[in-house]
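Let us take a walk through this structure together. Have the sequence and the 3D view at hand, and follow along from one stop to the next.

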Amino acid sequence: MAILPSERHRFDIPDDVSYLNCAYMSPLSKETVAIGQEALARKAQPWTVHAADFFSLTDRSRAAFAALLGAPASPDDVALVPAASYGMAVAARNLPLSAGERVLVLEGGFPSTVLTWREAARAAGASLVRLPRPEDDDWTRTVLDAIDERTAVAALPALHWLDGATLDLVAIGARLREVGAALVLDLTQSLGAMPFDLGLVRPDFLVVAGYKWLLCPYTVSFLYVAPHRQEGEPLEHHWFGRAGSENFSALIDYREDFQPGARRFDAGEPADFALLPAAIAGLELLTSLGIGNIADTAGALADRVIAHGET
């Protein structure tokens with residue numbers, strides 16, 4: 001890993017502003033804004049948009065996001081969704097609960113996670129267990145101690161959004177698999193700023209809102225669906241998700257079968273010609289910089305801030 005040089009020139013940030021709050025909303029790079037403006041202008045001339053563009057654009061988006069997850073992620077494993085809550089709802093639709101089972105979330109967890117699973121548990125007669133904040137901030141031990149044969153799902157982040165306390169998702173994922181439970185992750189507060197090893201963690205579903213650390217426009221988000229979960233039920237039934245939808249003249253065949261992989265879980269109208277080109281630019285910028293390098297650079301800057309505060 002390496003400490004990155006200043007990247008301020010890529011962003012429209014005045015010299016007298018130090019912006020440190022990407023956990024709230026990241027700035028778009030100048031290049032991303034230019035690409036987004038060009039993409040939006042294309043809609044002024046819709047005769048320039050061709051049928052193949054719908055699929056090439058979405059496939060590029062899937063590939064750009066899968067690259068951040070690393071092996072064994074594939075573009076086929078990625079669905080395009082408008083928000084973390086949408087992806088969490090897909091997971092809840094496809095991880096059925098039974099009476100007496102338990103869903104584990106963190107006390108003070110992000111509302112999109114807690115509210116989704118609270119409703120799912122209520123509908124099934126299952127229990128939502130909000131794990132209490134440990135006095136020593138060891139969330140990993142707290143989660144591991146709570147997992148037993150009653151556990152059906154753990155819906156977790158990589159770090160707590162209120163204070164940044166981290167969880168060992170590799171250990172948690174392994175324990176969940178031992179009891180036959182599913183792991184659902186919301187990595188909105190970490191992916192893009194912290195490395196993540198998909199092959200070791202092995203989540204069933206993973207969602208990330210793009211407008212924070214992924215340097216994407218608002219309402220562009222991504223859902224990873226593990227291969228063994230890709231035969232599930234989508235929230236919406238639209239033409240884009242059905243097999244053969246590349247052939248516009250055959251859309252009223254009303255196919256029963258779906259597009260391959262996680263594409264069936266796309267939200268409607270996934271080929272957003274204005275936002276996806278900008279999102280791709282943001283994701284590719286992260287890949288070019290390297291997530292590990294970003295994490296090391298941010299850590300070094302944080303160490304300087306802490307040291308300054310202690311003097």
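This is a predicted model: local features need pLDDT of at least 70, side-chain atom pairs count only at pLDDT 80 or more; totals for chains, interfaces and linings use all residues.

Two strands are said to pair if DSSP finds at least two bridges between them. Leu104 stands opposite Val129, a residue of S3. The strands S2 and S3 run parallel and are joined by five bridges.

Now step back to see the whole sheet. It is an open sheet of seven strands with mixed pairing, and the order across it is S1-S7-S6-S5-S4-S2-S3. At the edges you will find strand S1 (78-81) and strand S3 (127-131); each has a single partner strand, so one side of each is left without a neighbour in the sheet. From one strand to the next, the twist averages 20°.

Helices come next. H2 packs on the sheet, where it touches S1, strand S6 (205-209) and S7, and its direction makes about 115° with that of S1. Helix H3 (residues 84-94) also packs on the sheet, touching S1, strand S5 (182-186), S6 and S7. The direction of H3 makes about 165° with that of S6.

Let us stay with H2 for a moment. This helix has 19 residues and reaches 29 Å from its first C-alpha to its last, close to the 27 Å expected at 1.5 Å a residue. Its buried residues include Phe55, Thr58, Arg62 and Phe65.

Where does Phe240 lie? You will find Phe240 in the loop between S7 and H8. Phe240 counts as buried because its relative accessibility is 5%, and the cut-off for buried is under 20%. Leaving aside neighbours within four places in sequence, Phe240 is in contact with Phe54, Phe55, Thr58 and Arg62, and also with Ser245, Gln259, Asp266, Pro270 and Ala271. Phe240 and Gly268 are 28 residues apart in sequence, while their C-alpha atoms are 7.5 Å apart in space.

A pair of aromatic rings is described by the distance of the centres and the angle of the planes. How many aromatic pairs does a search of the whole structure find? The search finds nine. One of them is the edge-to-face pair of Phe54 and Phe273, at 5.0 Å centre to centre with 85° between the planes. This pair links distant parts of the chain, 219 residues apart: Phe54 is in helix H2 (residues 51-69), and Phe273 is in the loop between strand S7 (221-225) and helix H8 (276-289). Phe273 is buried, with a relative accessible area of 18%.

Another edge-to-face pair is formed by Phe110 and Trp161, 4.8 Å centre to centre and with 80° between the planes. Phe110 lies in the loop between strand S2 (102-106) and helix H4 (111-124), and Trp161 in the loop between strand S4 (151-156) and helix H6 (169-178), so the pair ties together parts that are 51 residues apart in sequence. Phe110 is partly exposed, at a relative accessible area of 29%, and Trp161 is partly exposed too, at 37%.

Two last stops remain. Ring pairs link Phe54, Phe55, Trp239, Phe240, Phe248 and Phe273 into a cluster. Finally, look for Arg242, which lies over the face of Phe258 at 4.1 Å from the ring centre.

How values were computed:
Residues are numbered from 1 along each chain as its sequence is written. Side-chain values use heavy atoms; hydrogens and water are left out. Rings of Phe, Tyr and Trp (its six-membered ring) pair if their centres lie within 6.5 Å; planes under 30 degrees apart count as stacked, over 60 as edge-to-face and the rest as tilted. Helices (H or I, at least four residues) and strands (E, at least two) are DSSP runs, numbered from the N terminus. Buried means under 20% relative accessible area, exposed over 50%, partly exposed in between (1.4 Å probe, protein chains only). A charge sits over a ring if NZ of Lys or CZ of Arg is within 6 Å of the ring centre and within 35 degrees of the ring normal. Contact means heavy atoms within 4.5 Å. The expected span of a helix is 1.5 Å times one less than its number of residues. Axes are lines fitted to C-alpha atoms, for helices over the stretch in contact, and angles run from 0 to 180 degrees between N-to-C directions.
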